[in-house]
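Subject: Structure for your files

Hello,

Here is the structure you were waiting for, with notes on what was found in it. Please read the notes with the model open.

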Amino acid sequence: MYSIAPSILSANFVRLEEEIAAVERGGASILHVDVMDGRFVPNITIGLPVVKSIRKATSMTIDTHLMIVEPGNYAVQFVEAGADMVSVHIEADPHIHRTLQGIRDAGAKAGVVVNPGTPLSAITEAIYHADFVLLMSVNPGFGGQKFIPRSLARVRELRQMITERGLNVKIEIDGGIDLSNIADVAEAGAEIMVAGSAVFGTDDPAEAVRSLTQKGAVWV
Ligand code: DX5
Ligand code: ZN
């Protein structure tokens with residue numbers, strides 16, 4: 001089975017509490033929070049104060065995806081703000097071991113993120129120090145982009161890497177996940193499905209979470 005992690009990037013920020021309550025009602029247990037700094041990616045979103053406020057509003061697992069330069073300077077602060085999962089791009093951090101270890105020491109799950117153009121061989125070492133790998137299936141920066149088809153083979157390759165090494169590392173996938181591809185992605189081995197526009201871009205986010213869950217469940 002897998003979990004749906006709605007990304008609030010596509011939510012209505014004025015009504016954030018209601019939006020979060022809706023996806024929780026729909027059965028989501030993880031809330032994906034996209035943190036962008038306008039430097040690592042060409043967009044600016046939200047940061048620590050918003051994570052702190054969300055922490056007070058929900059008991060869901062808060063999953064912060066850091067798309068920022070020098071993530072090592074901020075990762076632990078996100079745990080302190082209330083994040084249960086913190087992920088850091090391999091492309092942004094030459095000290096990934098130290099950053100992942102810091103996240104774990106602070107009491108959260110540590111994730112390493114891989115962009116679509118980065119070979120999976122880039123994380124053969126970091127994977128030993130991570131609780132999950134976040135595989136980007138679009139280039140990070142914006143919601144509502146199209147799933148890059150090659151990502152499916154990359155999920156399989158990553159699944160094999162994890163199995164061969166006997167690791168207990170979860171696979172999360174992010175970008176362009178919707179009803180048309182969620183079953184295939186689940187079948188390839190992804191366990192946490194981030195969905196932004198497929199959830200908050202609809203009139204009924206709770207129902208969208210339910211249908212995404214059922215759609216893939218046929219195959220797992
Ligand atoms: C993209 C973000 C994603 C985004 C996904 O940079 O990391 O989490 O919100 O949105 P959709 O599901 O619309 O591709
Ligand atoms: Zn994300």
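In which loop does serine 59 lie? Serine 59 is in the loop between helix H2 (48-57) and S3. Helices (H or I, at least four residues) and strands (E, at least two) are DSSP runs, numbered from the N terminus. At 67% relative accessibility, serine 59 counts as exposed; here buried means under 20% relative accessible area, exposed over 50%, and partly exposed in between (1.4 Å probe, protein chains only). Serine 59 and serine 29 are 30 residues apart in sequence, and their C-alpha atoms are 8.6 Å apart in space.

Before the rest, some conventions. This is a predicted model, in which local features need pLDDT of at least 70 and side-chain atom pairs count only at pLDDT 80 or more, while totals for chains, interfaces and linings use all residues. Residues are numbered from 1 along each chain as its sequence is written, chains are lettered from A and ligands numbered from 1 in the order in which they are written, and side-chain values use heavy atoms, with hydrogens and water left out.

Zinc site

The zinc ion (ligand 2) is coordinated by His32 (NE2), Asp34 (OD), His65 (ND1) and Asp174 (OD), at 2.1 to 2.3 Å. Aspartate 34 lies in strand S2 (residues 30-36) and histidine 65 in strand S3 (residues 61-67), so this pair ties together parts that are 31 residues apart in sequence. Donors are N, O and S atoms within 2.8 Å of the metal (3.2 Å for Na, K and Ca); water is not among the atoms, so sites may look incomplete. The site of the zinc ion (ligand 2) is octahedral, with angles of 71 to 171 degrees among its six donor atoms. For the geometry, four donors count as tetrahedral if all angles lie between 85 and 135 degrees; four count as square planar and six as octahedral if opposite donors are over 155 degrees apart and all others between 65 and 115; anything else is irregular. Along the chain, the donors of the zinc ion (ligand 2) have the spacing H-x1-D-x30-H-x108-D. Aspartate 34 counts as buried at 5% relative accessibility, and histidine 65 counts as buried at 0%.

A buried glutamate

Glutamate 172 is found in strand S7 (residues 170-174). Glutamate 172 is buried yet has no salt bridge, and the nearest side chain of opposite charge, lysine 170, is 11 Å away. For charge, Lys and Arg count as positive and Asp and Glu as negative; His and the chain ends are not counted. A salt bridge is a side-chain nitrogen of Lys or Arg within 4 Å of a carboxyl oxygen of Asp or Glu. Not counting residues up to four places away in sequence, the residues that glutamate 172 touches (heavy atoms within 4.5 Å) include His32, Asp63, Phe132 and Ile192.

Salt bridges

The structure holds seven salt bridges. One joins the side chains of aspartate 84 and arginine 55 (2.9 Å, N to O). This pair links distant parts of the chain, with aspartate 84 in the loop between helix H3 (75-81) and strand S4 (85-89) and arginine 55 in helix H2, 29 residues apart. Aspartate 84 is partly exposed, with a relative accessible area of 30%, and arginine 55 is partly exposed at 24%.

Glutamate 207 forms a salt bridge with arginine 210, and their closest N and O atoms are 2.8 Å apart. Both lie in helix H8 (residues 205-217), three residues apart, about one turn of the helix. The side chains of glutamate 157 and arginine 150 also meet in a salt bridge (3.9 Å, N to O).

Two helices

In helix H1 (residues 16-25), Leu16, Glu19, Ile20, Ala22 and Val23 are buried. Seen down the axis of H1, these buried residues fall within an arc of 160 degrees, so they line one face of the helix; the arc is that of the directions from the helix axis to the C-beta atoms. Glu17 and Arg25 are exposed on the other side of H1. Just after H1, glycine 27 takes a positive phi of about 110 degrees.

In helix H4 (residues 96-105), the buried residues are Ile96, Thr99, Leu100 and Ile103. They cover an arc of only 95 degrees around the axis, which puts them on the same side of H4. The buried residues of H4 pack against H3, S4 and strand S5 (109-114). The face turned away from the buried side of H4 carries the exposed residues Arg98 and Asp105.

Regards
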